[in-house]
Amino acid sequence: ALRCTTGNVEQVRGYYVNWRMLRDVKRRQMAFEYANDRLRINAIRKNTILPKELQEVADKEIAAFPRDSCPVRIRNRCVMTSRPRGVKRRWRLSRIVFRHLADHNQMSGIQRAMW
Amino acid sequence: QRSFSTSKAISKESEESSAPKTGEKEAKVKEKKPGKSGKENLLDLLSAMKVDVTTKKKFQASKSQKSKEQPRVHPESMESATSMFQKATTEQQTQKESLSPELVAAASAVASSMPFKKSQTESELLQQLRKHESDTEVHRKGETNNIGNIIADMKVGKRPNARSPNRPANQIRFDDDGRGYTHDRGVVNEFDAVRRRKSLFTGKRLNIFPSMTDTTETEPKEVSVPSLWDIELAGQIAAVIKHLPRNGFEEMIQWTKDGKLWQYPINNEAGLEEESDVPFHEHVFLDSHLEDFPKQGPVCHFMELVINGLSKNPYLTVKQKIEHIEWFRGYFQQKEDVLKESEVY
């Protein structure tokens, strides 16, 4: 990819497995940015004390936030292969990569189960 | 790990002294909104107050304003706390000095306003505060004091040097029974002569190096703010010196310096060192930030709930909590017209 900064044309190479992973990264960053605002506006919305008109206004405000800012859109992909399914949360790896590394003794404390 | 839920401790203290009254007090809190945010002389006010007027809320408000008005805890009192902790078993009377005088005055004022057993409530309150101070000090200083005490008590054990064999050193040693090797003495015997000196510092001075005092005096005179050129030069030197990591250990060291790897043993409060200096009452008593909000109505109720929740949150810094409150202030000021339509603001 080429990116223009101050008129110099430079090549920019990333280290993400695929574009889907990149988009997921962008969603995470944006969710982090807007986290506080979303929390506060939701605190106003999910309320029985404040007047309903204010809550409706808050509803419209949160709908106006960019779509990528909500944390629900984040998908825990595998870190090595960007696989969206079969990912164990503790290691952030898909089952296939996990098995590969564990069999080659790269995972500390992981042993084949036998009982 | 510390948690900032000291509101429970404080409520426990007040409950100790007046257990049957808490039910009535909580009912009265809901009826009367404490509108006294003026900066009167609180000690006089507290002592003049009667029982049915004092509520848990006012105790908190008075305590927060008291501590906010006067300067922070002095470092001398903190140091005295650690030294008192070391001699905790012997000197209990002097422990009163470890608390800051403002806290002591506030505690005595509150105790005098309580109905039963003023001296007992005061001593209990002071005890709780002292315990809290000593606990935070222990957390901060770690276990260093105890280890120092333990090591000081241990005695150095001496192993008696095995008597050197009685043949002279330059005589050739040979194996008697044809084993092919002699009994290996090791390097120990060579250092025997050196070790026989009682300590390092006996013996004649050689006067090769200049003495310590001259070098240490000249150093502190030349401290100045490093300029950009100095920073650049330091960066260049570091880049030249830095070698690629030869093995996994060096790689991990480099990553730890970069911040990519956590520091072991894991410190739960790794990025939050400055936060531990913030005293607990700034986390818990957030009423003072509520001054620009309306005193009655749903907005006030909502902000009280917000403050209640924030005071129980141990994961946020005080700055973050204040930012939350300020955002709400700005938001309600923006939506004034909407709120006025529903006659709330």
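Visitor: Among contacts in chain B between residues at least 6 apart in sequence, what share joins residues at least 24 apart?

Guide: This is a predicted model, in which local features need pLDDT of at least 70, side-chain atom pairs count only at pLDDT 80 or more, and totals for chains, interfaces and linings use all residues. Residues are numbered from 1 along each chain as its sequence is written, chains are lettered from A and ligands numbered from 1 in the order in which they are written, and side-chain values use heavy atoms, with hydrogens and water left out. A contact means heavy atoms within 4.5 Å. For chain B, with the sequence separations you name, the share is 65%.

Visitor: How many helices and strands does chain B have?

Guide: Helices (H or I, at least four residues) and strands (E, at least two) are DSSP runs, numbered from the N terminus. By that count, chain B has 16 helices and 0 strands.

Visitor: In what pattern do the elements of chain A follow along the sequence?

Guide: Chain A contains 3 helices and 4 strands. Read along the sequence, their pattern is β-β-α-α-β-β-α.

Visitor: Is Thr317(B) buried or exposed?

Guide: Thr317(B) sits in the loop between helix H14 (298–311) and helix H15 (318–334) of chain B. Buried means under 20% relative accessible area, exposed over 50%, and partly exposed in between (1.4 Å probe, protein chains only). Because its relative accessible area is 15%, Thr317(B) is buried.

Visitor: Which residues does Thr317(B) touch, not counting those up to four places away in sequence?

Guide: Sequence neighbours up to four places away are set aside here. With that exclusion, Thr317(B) touches Leu272(B), Glu275(B) and His283(B).
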